[in-house]
Amino acid sequence: MKGLFITFEGGEGAGKTSIIEEINEKLLEKGYQTIKTREPGGIKISEKIRDVILDRSHTEMDARTEALLYAAARRQHLAEKVIPKLEQGFIILCDRFIDSSLVYQGYARGLGIEDVYDINRFAIQDCMPDVTFLLDIPPEKGMERIQGNAEREQNRLDLEDLSFHKKVYEGYQLIADRFPERIRRIDAGQPFKQVLEASLKELDAYLR
């Protein structure tokens, strides 16, 4: 039986990591086989690419270089981890996937959503998520959360100003409108408990 590929998207401070942890626990309690993973990263090669992309000292990185590095990390992650586990029937819970590239590099960096989509179509072939949860949060609130969270990994994207994160937010709205059959919006500006309840409700409906 083929597994399920579930991705989680959203701007900085949306709470994806915490939601994935809780959902994973709930699925394990119900007897599902699950794998938690992230992009860029999830495996050794992709984690090394992640270090290059998100290094706070790499502020001179060209936008096209950034897009290509994300696509390369994504390809290796799929080939080495995601596709084999899907073939074994696992539910994959992935923190970010192709939509992040379309939004961050395609829209916010101005490379063009279609051009970035083409790069990634080559990388992923036909492996798209079965369902995507967009944790929808205004950028001002997301950045406020980040600044108040001393334990969060600080990376190069955190150096961007608010105008960049506003474009990220706009990009996610465009992507959600483009793929309504796949992307489920969750109001991530609510308290964590409500965000989790809304996410679980959507997931239960999808699994049924």
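What follows is a short chat about a predicted model of one chain.

Colleague: What should I know before I start?
Modeller: This is a predicted model, where local features need pLDDT of at least 70, side-chain atom pairs count only at pLDDT 80 or more, and totals for chains, interfaces and linings use all residues. Residues are numbered from 1 along each chain as its sequence is written, and side-chain values use heavy atoms, with hydrogens and water left out.

Colleague: How many helices and strands are in the chain?
Modeller: Eight helices and five strands. Helices are DSSP runs of H or I with at least four residues, strands are runs of E with at least two, and both are numbered from the N terminus.

Colleague: What pattern does the chain follow along the sequence?
Modeller: The pattern reads β-α-β-α-α-β-α-α-β-α-α-β-α. The radius of gyration is 16 Å, close to the 17 Å from the globule rule for 208 residues, so the chain is as compact as a globular protein of that length. That radius is taken over C-alpha atoms, and the rule is 2.2 Å times the number of residues to the power 0.38.

Colleague: And roughly what box do the C-alpha atoms fill?
Modeller: Roughly 45 × 35 × 35 Å, taken along the principal axes.

Colleague: What share of the residues counts as buried?
Modeller: 50% of the 208 residues. Buried means under 20% relative accessible area, exposed means over 50%, and partly exposed lies in between (1.4 Å probe, protein chains only).

Colleague: What about contacts between residues 24 or more positions apart?
Modeller: They make up 78% of the chain's contacts with a separation of 6 or more. A contact means heavy atoms within 4.5 Å.

Colleague: Switching to charge. How many positive and negative side chains are there?
Modeller: The chain has 31 positive and 37 negative ones, and the centres of the two sets lie 2 Å apart. Lys and Arg count as positive, Asp and Glu as negative, while His and the chain ends are not counted. Each charge is placed at NZ of Lys, CZ of Arg, CG of Asp or CD of Glu.

Colleague: Now the backbone. Which peptide bond is cis?
Modeller: The one from Glu39 to Pro40, with omega near -15°. Pro40 sits in the loop between strand S2 (34–38) and helix H2 (44–54).

Colleague: What is phi at Arg96?
Modeller: Near 80°, a positive value in a residue other than glycine. Arg96 is in the loop between strand S3 (91–95) and helix H4 (98–108).

Colleague: Is Arg96 buried or exposed?
Modeller: Arg96 is buried, at 12% relative accessibility.

Colleague: And Gln125, buried or exposed?
Modeller: Gln125 is exposed, at 52% relative accessibility. Its phi is also positive, near 55°. Gln125 lies in the loop between helix H5 (113–124) and strand S4 (131–136).

Colleague: How many disulfides turn up?
Modeller: Zero in the whole structure. A disulfide is a pair of cysteine sulfur atoms within 2.5 Å. For Cys94, the nearest cysteine sulfur is that of Cys127, 9.8 Å away.

Colleague: Are those two buried or exposed?
Modeller: Cys94 is buried at 0% relative accessibility. Cys127 is buried too, at 13%.

Colleague: Last one. Where is Gly171?
Modeller: In helix H7 (residues 162–178). Gly171 is buried, with a relative accessible area of 0%.

Colleague: What does Gly171 touch?
Modeller: Val103 and Tyr107, not counting residues up to four places away in sequence.
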